[in-house]
Amino acid sequence: MNNIEIQYKTAKNLNTRISIHDKYSTNQQGFGNWILSQYDIIPGAKILELGCGTGSMWQNNLHLLGDAHLLLTDFSPGMLESAKQNLPKQENLSFQIVDIQNIPYPENSFDLVIANMMLYHVPDLHQGLREVRRVLKPGGKFYCATYGEHGIVEFVAELLRDQDVSGKIGTAFTLQNGCTVLSQHFKQVLRLDYEDALAITNIDDFIDYISSLSSLSNIANVPRSVLAEALESKAENGILHVPKEYGIFICQ
């Protein structure tokens, strides 16, 4: 089992990461709601979501589908089981274990394909994107959210540099290089940025969050008290301001 499979075998780490954004994001719209607002869901559409995780973004939002059918997929059985538990049973919602590198559906099957916050994990990204293009109908749209290279991990790594902590985020697919990567497979690629930051009022919550990140090397070797002292030293009036860099690409 590789590191990514271990990270996403269950929803624990993912839920930790989602909760910090839910509690402390300065943009009250919420990243998930913003992403949903970008989707162009036509009546009767067939939608494929790859790497759906816990499916939390669709909670309380399934009404947006109308009569469209949503197929939620993930390569992790544990994650897909969490999605099933989080979402109600309804005719236009189904679940399947799927690897983006080998999508088991015919050409031109879907009006929309979604792959949010997961493309940087794909071992053969271009193979995955070829598969997305293959199953996407002519004129269909591909939505893929991702992070930038100058957000939370960079902030924490710089702050903890003296503790030998370094940031090693995957750069296979970021806001900085996403257009270049996607343009090899799609004629039209649009980048939209989501303006946001974290305003942390409980340092312990943020320590739990950064401790769950595999992209911060040696973080587990730093005592919690040392982490707390370093983070509190950057707080202003009891608030730790942390930059975020997220956005989405819309492709045709």
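**Exercise 1. Find which residues form one aromatic cluster, then look at a pair inside the structure.**

Step 1: the cluster is made of F31, W34, Y194 and Y246. Rings of Phe, Tyr and Trp (its six-membered ring) pair when their centres lie within 6.5 Å; planes under 30 degrees apart are stacked, over 60 edge-to-face, and the rest tilted. A quick note on what we're working with: this is a predicted model, where local features need pLDDT of at least 70 and side-chain atom pairs count only at pLDDT 80 or more, while totals for chains, interfaces and linings use all residues. Residues are numbered from 1 along each chain as its sequence is written, and side-chain values use heavy atoms, with hydrogens and water left out.

Step 2: eleven aromatic pairs turn up in the structure. Take F31 and Y246: their centres sit 5.3 Å apart with 40° between the planes, which makes the pair tilted.

Step 3: F31 belongs to helix α3 (residues 31–38) and Y246 to strand β11 (residues 246–251), so this pair ties together parts 215 residues apart in sequence. Helices (H or I, at least four residues) and strands (E, at least two) are DSSP runs, numbered from the N terminus.

**Exercise 2. Classify the pair Y105 and F110.**

The rings are 5.6 Å centre to centre with 85° between the planes, hence edge-to-face. F110 has 8% relative accessibility, so it counts as buried.

**Exercise 3. Say where T54 lies.**

T54 is in the loop between β1 (46–49) and β2 (69–74). Its 3% relative accessibility makes T54 buried.

Note on methods. Buried means under 20% relative accessible area, exposed over 50%, partly exposed in between (1.4 Å probe, protein chains only).
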